[in-house]
Amino acid sequence: QVENLVPQFTTTISSQILHTLQRSTMQKALSPTDLPPRTLVLVSAIVGTCSLVLYSSTLATTVGGGDSGEILSVSCEGGVLRPPGYPLVAMLGRLAFLSSSSKDIAWRVGFIVSSLPAAVACACLSTTLLLLTNNILVAVLCSMLYSSSSLVWASATTIDPFSLSACFLSILYLCASAFEASSHRPASTTSRAAFCSSFLAMGLGLCTDRTFLLSACPALLWLLALAVLR
């Protein structure tokens, strides 16, 4: 009976979140209100800090599965990873290896390559949801559900390149949301910075993994469409 209740509970919570998200989006479309920048920063900082504490406390201290062994070896000895190379992952891993810390090498590399980018991705996701819905509860709940999901958690607690890809993808969508939020205003420094930062995140994401382009295309099309309409 407990096994049957868990999926029902998860489905109910998910449906309530989607319903609240849709209602908040409709309310914003009818009567848009902007949250103070201090609120955006505070909420994203809380979500990012909680996610970072969660990931760092459960981070693996030894070699895990997948590409973790190869990434750790290249981080210690230098060199190039297998194709596509993951150049940014290799450089960050090397930087973690050269850093002075009492922690194990695997923990340091995993923290820089996986845990920290995954926490940044959760923080950016919460800010994006705030910009889209103006609902703090929805933003915090959805971002924390994302951070504690099994696939994201597993990737953030081992040496894995996909957490870094998720980080730059969340930054890209955050920049696109910020650019869209300022579309009703005259051209400003904030909108130009968001537009340029989105392409910077795109370039850094491609330095992590080539498949990043597939997930980034919708955001780029959205940005270009907004720029043309503006």
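Guide: Start with a definition: a residue counts as buried when its relative accessible area is under 20%. Keep that cut-off in mind for later.

This is a predicted model. The protein chain has ten helices and zero strands. Of its 230 residues, 39% count as buried. Take the contacts between residues at least 6 apart in sequence: 74% of them join residues at least 24 apart.

Now focus on helix α5, residues 105-133.

Take α3 to begin with. This helix covers residues 68-77. The axes of α3 and α5 lie 10 Å apart, and the helices pack at an angle of about 105°. Angles of 65 to 115 degrees count as roughly perpendicular, and α3 and α5 are therefore roughly perpendicular to each other. Which residues touch? From α3 come L72, S75 and C76, and they meet I105, A106 and V109 of α5. By class, this contact has five nonpolar residues, one polar and no charged.

Next comes α4, residues 87-98. Its axis and that of α5 come within 8 Å, crossing at roughly 135°. That angle makes α4 oblique to α5. The crossing of α4 past α5 is right-handed. On the α4 side, the contact uses V89, L92, G93, A96 and F97. On the α5 side, these residues meet I105, R108, V109, I112 and V113. The contact of α4 with α5 divides into eight nonpolar residues, one polar and one charged.

Now follow α5 to its cysteines. A disulfide is a covalent bond between the sulfur atoms of two cysteines. How many disulfides does the structure hold? It holds zero. A disulfide needs two cysteine sulfur atoms within 2.5 Å. For C122, the closest cysteine sulfur is in C124, 9.4 Å away, so it is too far for a bond. C124 is in no disulfide either: the nearest cysteine sulfur, that of C167, is 6.2 Å away.

Are these two cysteines buried or exposed? C122 has a relative accessible area of 0%, so C122 is buried. C124 has a relative accessible area of 11%, so C124 is buried too.

How values were computed:
Residues numbered from 1 in each chain as written. Predicted model: local features only at pLDDT ≥ 70, side-chain atom pairs only at ≥ 80, totals over all residues. Heavy atoms only, no water. Axes fitted to C-alpha atoms, helices over the stretch in contact; angles between N-to-C directions. Helix = DSSP H or I, 4+ residues; strand = E, 2+ residues; numbered from the N terminus. Parallel < 35°, antiparallel > 145°, perpendicular 65-115°, else oblique. Contact = heavy atoms within 4.5 Å. Nonpolar A, V, L, I, M, F, W, Y, C, P; charged D, E, K, R; others polar. Left-handed = near helix turned anticlockwise from the far one by under 90°. Buried < 20%, exposed > 50% of the residue type's maximum accessible area, 1.4 Å probe, protein only.
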